[in-house]
Amino acid sequence: MTFTEIINSFKTKLNPSKFMYSLEKEAIFYSESENSTEENNSGENLKSNPSFNSGDNSVNNSNAEKISRNKEVPLIKLTNVWKLYQMGEVEFAALKGINLEIYEGEFLVILGPSGSGKSTMMNLLGCLDIPSKGTVYLNSKDISKLDESELAIIRGQMIGFIFQSFNLLPTLNTEENVLLPLEFQEEDRQIARRKASYLLEIVGLSEKKKNLPSQLSGGQRQRVAIARSLAVNPPIILADEPTGNLDSKTGDYILDFLDGLNKREGKTIIIVTHDLELVKYATRVVYIRDGEIEKIEKQTRNEPGTEIESNLN
Ligand code: ADP
Ligand code: MG
């Protein structure tokens with residue numbers, strides 16, 4: 001399928017709830033005047049200091065979901081959240097009464113072994129699913145009260161998703177994969193292309209625009225996925241095992257990049273993982289096991305590689 005055919009088929013057939021993020025939102029985006037012609041891009045090394053213009057200019061769309069600037073109000077709040085899966089006659093509780101508040105600017109690592117409920121939690125945090133019991137508030141809105149199209153819109157405005165398996169469309173090249181979310185909310189292909197160029201530049205893939213996913217390394221694919229997740233400049237980045245399919249060096253690049261987005265751009269980063277290594281990036285670590293929060297540890301922000309000081313909460 002060509003890019004246009006894919007876009008058209010999504011526009012006509014797509015059930016947004018089945019897609020990894022909504023594509024039908026208004027953009028929150030960085031300034032059009034953003035300089036995207038910076039030189040010396042190796043095309044290979046991920047820039048660890050993303051230079052988004054996320055100042056006042058960036059949040060310039062009047063239709064965009066405004067995130068609460070009141071740091072006292074959680075960006076995401078889970079109250080006694082249960083997720084039950086029906087297994088024939090038996091109900092399986094993947095999450096059992098989760099209470100969690102996530103604030104703007106946090107770098108939250110949700111750590112737990114396989115099967116502990118991490119992906120289930122990520123689906124709820126990302127409004128891809130609603131709880132069986134309990135309440136999920138995103139930006140003070142109870143998401144279970146929203147219908148699917150409202151959910152898709154709020155998701156699209158607020159959250160960029162990064163998946164372990166990258167979720168790139170195999171028949172689209174690098175540039176087209178990044179253009180995809182933009183295509184759904186941009187009239188102007190030229191502007192979308194400029195944004196895609198800029199995003200590919202900051203993830204160091206300017207030279208791979210025309211490559212298909214199959215022609216990229218794992219790390220490069222993950223960088224395409226990151227560029228795509230950033231396309232609408234969401235305030236929250238949600239990542240499920242973002243380094244799971246990468247070698248440790250590439251994984252470090254990815255994490256340093258997310259770290260930069262958090263520190264320099266104030267983006268809220270939420271990572272679910274079983275990888276203890278990622279704990280060093282977190283401002284808070286939520287340990288989950290068998291669908292329950294075991295403990296939450298606050299951390300003073302560390303530069304990677306330094307000792308972690310943690311205090312039990
Ligand atoms: P993690 O991401 O931590 O590995 P998941 O959230 O994927 O864990 O799954 C948590 C538990 O819920 C696991 O025991 C898994 O088998 C179960 N589970 C997940 N999705 C479903 C489903 N759709 N139906 C039934 N059980 C499920
Ligand atoms: Mg999982």
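By class, the residues around ligand 1 are four nonpolar, seven polar and one charged. Here Ala, Val, Leu, Ile, Met, Phe, Trp, Tyr, Cys and Pro count as nonpolar, Asp, Glu, Lys and Arg as charged, and the others, Gly among them, as polar. This is a predicted model, in which local features need pLDDT of at least 70 and side-chain atom pairs count only at pLDDT 80 or more, while totals for chains, interfaces and linings use all residues. Residues are numbered from 1 along each chain as its sequence is written, and chains are lettered from A and ligands numbered from 1 in the order in which they are written.

The shell itself consists of Tyr85, Met87, Phe92, Ala94, Gly112, Ser114, Gly115, Ser116, Gly117, Lys118, Ser119 and Thr120; a residue is near a molecule if its C-beta atom, placed from the backbone, lies within 6 Å of it. Strand 1 (76-87), strand 2 (90-102) and helix 2 (118-125) are the elements that give two or more residues to this shell. Helix 2 gives the most, with three residues. Helices (H or I, at least four residues) and strands (E, at least two) are DSSP runs, numbered from the N terminus.

A residue is buried if 20 or more other C-beta atoms lie within 10 Å of its own, exposed if 12 or fewer, and partly exposed in between, with C-beta atoms placed from the backbone. Beyond its neighbours within four places in sequence, Leu199 is in contact (C-beta atoms, placed from the backbone, within 7 Å) with Val178, Ala227, Leu230 and Ala231. Val178 is one of the buried residues of helix 4, and ten of the ten residues in that helix (174-183) are buried.

Strand 6 (159-162) and strand 7 (236-240) pair in the parallel sense over four bridges; two strands pair if DSSP finds at least two bridges between them. From strand 6, Ile159 and Phe161 point one way and Gly160 and Ile162 the other, and all are buried. Ile236 is found in strand 7 and counts as buried because it has 24 C-beta neighbours inside 10 Å. Leaving aside neighbours within four places in sequence, Ile236 is in contact with Leu75, Met158, Ile159, Thr268 and Ile270.

Lys145 and Ile130 are 15 residues apart in sequence and 9.4 Å apart in space, C-alpha to C-alpha.

Strand 9 and strand 10 (292-299) pair in the antiparallel sense over six bridges, and Ile293 in strand 10 is the bridge partner of Ile288. Their hairpin has two residues between the strands, and Asp290 takes a positive phi near 45°.

Last, confidence. The protein chain averages a pLDDT (the predictor's confidence in each residue, from 0 to 100) of 77, and 73% of the residues score at least 70. Confidence is highest in strand 9 (284-289), at a mean of 98, and lowest in strand 11 (310-312), at 35. Over residues 304-313 the pLDDT is below 50, and over residues 11-65 the value stays under 50. Where pLDDT is low, the predicted coordinates should not be read in detail.

Conventions. Two residues are in contact if their C-beta atoms, placed from the backbone, lie within 7 Å.
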